[in-house]
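Please keep the sequence and the model in view while reading.

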Amino acid sequence: MFPLSLDLPRATLTVEPESPVFAGEPVTLKCEIESCYWKYQWYQGYSSNVVHQSQTNTFTISSAADQDQYWCKGESDNSPTSSQLSNPVTLTVKDLPRSTLTVEPKWSPVFTGESVTLKCEIESYSNWRYQWYKGSSSTAVNQPQTNTFTIRSAADQDQDQYWCRGERDERPTSSQPSNTVTLTVKERPKAVVSINSDKQVFRGETVTLRCDIQGEGVSNWQYSWFKDGSSTPVSNEQQYTISSVTKSYSGKYTCRGTERETSRYSHTSDAVTLTVSEKPKPELTSSHKGAALIGNPVVLYCKLDQSAGWKFYWFKHTQNPENETKTETHSYTISSVSVSEGGQYWCRAGRGNPVYYTHYSDALWMNVTHGAVILESPVHPVSEGDPLTLRCLYRHTKPSNLTTEFYKDGSLLQTQTTGEMTILTVSKKRGGGWMKLSPSLLVLAQRLRSLLPDGSRLKKLCSGVLRQHTVQAPYHTVMQLVSMLSMERSSVTCTPRNLVLFTLSTAAPLMVRGACRVHILLKSTTISFVFSKFRWIVVSTPQSQAAHLTPAVCLIVVADETHYSRVVCELDEEIGVVQRLRVSLLSLKRWAILREYCLFAFLMPQDGLVLAALRPTSSPAEKAAFLAFNLPRATLTVEPKWSFVFTGESVTLKCEIESYSNWRYQWYKGSNSTAVSQSQTNTFTIRSAEDQDQDQDQYWCRGERDNRPSSSQLSNPVTLTVKALPRATLTVEPKWSPVFTGESVTLKCEIESYSNWRYQWYKGSSSTADYQSQTNTFTIRSADQDQGQYWCRGERDNRPSSSQLSNTVTLTVKDLPRATLTVEPKWSFVFTGESVTLKCEIESHSNWRYQWYKGSNSTAVSQSQTNTFTIRSAEDQDQDQDQYWCRGERDNRPSSSQLSNPVTLTVKERPKAVVSIKPDAQVFKRETVTLRCDIQGEGVSNWQYSWFKDDSSTPVSNEQQYRISSVTETNGGKYTCRGTERETSRYSHTSEAVTLTVSGEYISPAVSLMVSPSRSQHFSADSLSLSCEGQSDSIGWRVRRYTHSEKVSDCSSGWGSVTGSTCNIQFLYPTHTGVYWCESESGESSNPVNITVHSDDVILDSPVHPVTEGDPLTLRCLYHHTKPSNLTAEFYKNGSLLQTQTTGEMTIHTVSKSDEGLYHCKHPERGESPQSWISVRGLSNSGASFSVFSLLSSLMAASPYLLVSIILALKCYKARAKPEETNRTEAATEAEESC
């Protein structure tokens, strides 16, 4: 036995302040040694390198950062030259309390003028003062006592990065700087209104107002429309569409956007004024102010004093949309006019989709003439004060002499050499007839007044259609003549039958008793024309007077420019209904041959004045006949024969003319003398009657044809009364806006008159009814996808068959307030026994009652007035593990919230801590002991470990592995551990206690087993020498081994040859693999050695004995026969590739405990070696116990069948290592018995 050495002076290490230390704080280590005159060395972690050396016994770390173990040792020039290593001190560096900066509200960007609050939350401790930083400045911009910092009205200068930090008077004196929050400030968006048509719109048009928000950051706007400054919105859609605008919609409109689910809003738009006017009527004009000459261009203009965007529609002869011509501009050009281009023209304008049309213009008559000379004069009246220019136009070429006479009312007005005359300022007195004709007719008409009987009044004097055969006067000239004969111009009522125009005929006359008489029945008057040598003699008498043989007044004018004659007629005899008159010439002062015209005037009591304008024949002796008939009567009827029509109904006018055929039908409306339509058939259909302004009026008709008679009389008038369809009014009950999802709402359609309605219900832009009902209500039972515009209309079997479309009602459906369920703590699962709180937050409204649901059950498991529900102590999976959700209920609208998101609560058994100890629970003084704490259970990986000794509540270590580098008796005791999840308060079960027993100091064995070659792996067929060598004489020691085949045996048993204390094996076999050791006659043992014999080509050259910490280690791949040309080898540790070396060897320059493990090598061609365990021995370990256990680990991996024998060897080794003699004897006996 060797004597025990004296203990070296003990070093004690302390730390100020006590652990934990906060990051950045200074910390002082103090090394106290029992005696004096020491130099102090400081060690960190598991390194044997000195990190600091000082003459004083303190070592100050100015700013703690790294968490690690520290210890110290003293060195001296005298004996003893060193102290013991001190106790280790674990320096636990804890992060400063974390600061978290949040911002309310959480939207980004913030608009100018909005308030925003920054909140700084520090995870632990109290009595904080809060520092607020902005941008890159290190100087706080504010330091309040509260943890909030509010920017009342955000501006551009507030945009920046912000963070916070806490300060306090006690440890820790500050928190970490918080996360940064970037505050983005943008100008509040501006709403802008646009109109799809024009600010000036017309009754009946569709108008769409659109609200666009100009600005970034928000996309989910809710829009509100306001009219005339009202605070109640008229619509909540981005596009506000008015389908049929009326004057009540005129006003100023503004819009504004509000972000959905928040209270932020845009600027209100500038007001846009919408003006609703009556439907416009364009004016149709022509580039030609008079008749157009064939071949010349003519441009028609449709003038509309409105804005752009209109298209123009042109009609000829009839207002039939099927024959319309459309132009993009307001002009219509006929490049080369022909006779067929003459006639009536209309225009109208339209815009939008569907097209909104204006009224039709008044008709414009275009005259196309063959004449050589025409007067260019305005088509429409000239305004007083404007200038007026009249021109003579020539068909082909201008004459060399342009001298022209201009007449007004038959009197010469001017003679101009330029061919045109200008009136600089037009006035009323300048009105009159202008013609380039001889004034004969006008002079005759003026003198005719004096021939009329005293008291005669021309009650009816009208115009008609002039067929220009032999009469040379143009149409307007004859009309002026008739107008001049009127004695009461203001009371004239025009009916075409009062004017009959006779045309000279050269047909053979009818001879009656030697004279030529033609009898004509004209309504109630018989007119006979008798032709004799006296040129023309015309007689007339009323039929009522003929019965009394009373001479009738008959005006006969046979004249040139200066002569007249009066003829008195008498009744000759009666032939049926026709009166035959014998005419005698009473007085003829003078007769002259007429050069141009002869005007005949017949004054008839029933029919007014009948005029005939005739041209003389070439010979006074030539016979001629004149025929005059009353024009065919036209009768106008209407189908159906309703007293009025409703808008939208069709009505057909029918014009029946009593005789003749091949009529063309002219249709007239109101007081307009221009036909509104012309057709080949005698019907005129108004397809869909419009309102009173459009179609309601008087209508009549007249026929025209190419042969005589060329026209009929005007028909009787028919009055068409258009009545609006019954008005439908749509209301909604209840009058909530918005409606929440799930609520019921009823639409009610009320129609102002009639009964037996069926109700059609429309939604959105669809023209197809979504629903039809017999009742006037439509109920949406549970609103969801029902948001939109609604309207209604009635239908019935009788007239009216439908109502008007109702007003629109916008139904806004809003989601119920959203409920959000969260759980505190926010762990993905909870351990049994932990408390958990569910929190139900509802985004808006107040006074909620909270319903709590679990699993698939639709019945609430709990109800509370507060929005939290706490499970005090979570039980197992069957009890509390499930899905949870919540919902709010309240007495007012909305009466409930949405169901919240589900939260799954997972309950797991609380993890159990388990302690393992190396090398054993029973160790010797100055050995290194490692206690390891493992948490058995799922779900947590970031454990903070706490070690407790002898039931103390103060932890002795906070590491997973609690390492005691040089154990003493004071380290003995009961150890437990527990895990706490980092950054939370949850913890595992405490482990069962493990008792650590520390015995007296171990004296290493006197003999060691030496191996040559000195490696743990050998090739088969190689030789091996095993030798027992010690500090003194090794006589009496023998080599023993344990193998799978032979169990425990001596070298002398045949597997080797013995020479003294050496065992030689000349030829190795794989069966030689086993555990070898030296054993004395008294039963003492050396450290065991593992020998592996490999029959393949590759082995690993690794040390037999443990390697000392800090020493270098070289591993090589060895090959059985010859080295390969390619020496590249892969080195593995614990099965993972560690290095690839081209030299075939790998070096670890400074070995540490972390290098322990199973190593092997692999050659790409030769194969791989077996595994060997490499043990690392600490500097203070002089015993062999660690090597035994390292060897055990090696054999468990490499040769599992040796496990039982190693356990037996370990028992024997432990028994013999006890210092007490009695214990040693008992253990040796026990081990021998076991063997």
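A search of the whole structure, which is a predicted model, finds 11 disulfides. A disulfide is a covalent bond between the sulfur atoms of two cysteines.

**Cys655 and Cys701**

- The sulfur atoms of Cys655 and Cys701 lie 2.0 Å apart and form a disulfide.
- This pair links distant parts of the chain, with Cys655 in strand 50 (residues 651-657) and Cys701 in strand 54 (residues 697-704), 46 residues apart.
- The link of Cys655 and Cys701 is right-handed, with 80° about the S-S bond.
- Cys655 has a relative accessibility of 0% and therefore counts as buried, the cut-off being under 20%.
- Cys701 is buried as well, its relative accessible area being 0%.

**Cys1051 and Cys1063**

- Cys1051 is joined to Cys1063 by a disulfide with an S to S distance of 1.9 Å.
- Distant parts of the chain are linked here too: Cys1051 sits in the loop between strand 86 (1047-1050) and strand 87 (1057-1059), while Cys1063 belongs to strand 88 (residues 1062-1065), 12 residues apart.
- Because the torsion about the S-S bond of Cys1051 and Cys1063 is about 80°, the disulfide is right-handed.
- Both Cys1051 and Cys1063 are buried.

**Cys1117 and Cys1161**

- A disulfide is formed by Cys1117 and Cys1161, with their sulfur atoms 1.9 Å apart.
- Cys1117 is in strand 93 (residues 1113-1119) and Cys1161 is in strand 97 (residues 1157-1163), so the pair ties together parts that are 44 residues apart in sequence.
- The torsion about the S-S bond of Cys1117 and Cys1161 is about 115°, so this disulfide is right-handed.
- Cys1117 and Cys1161 are both buried.

**A further cysteine**

- Cys392 has a relative accessible area of 11% and so is buried, since buried means under 20%.

- Three strands make up an open sheet in the order 18-20-22, and their pairing is antiparallel.
- Strand 18 (190-195) and strand 22 (239-242) are the edge strands, each pairing on one side only.
- From one strand to the next, the twist averages 20°.
- Four bridges connect strand 20 (residues 207-214) with strand 22 in the antiparallel sense.
- Leu209 has Tyr240, in strand 22, as its bridge partner.

How values were computed
Residues are numbered from 1 along each chain as its sequence is written. This is a predicted model: local features need pLDDT of at least 70, side-chain atom pairs count only at pLDDT 80 or more; totals for chains, interfaces and linings use all residues. Side-chain values use heavy atoms; hydrogens and water are left out. A disulfide is a pair of cysteine sulfur atoms within 2.5 Å. Helices (H or I, at least four residues) and strands (E, at least two) are DSSP runs, numbered from the N terminus. Buried means under 20% relative accessible area, exposed over 50%, partly exposed in between (1.4 Å probe, protein chains only). Two strands pair if DSSP finds at least two bridges between them. Axes are lines fitted to C-alpha atoms, for helices over the stretch in contact, and angles run from 0 to 180 degrees between N-to-C directions.
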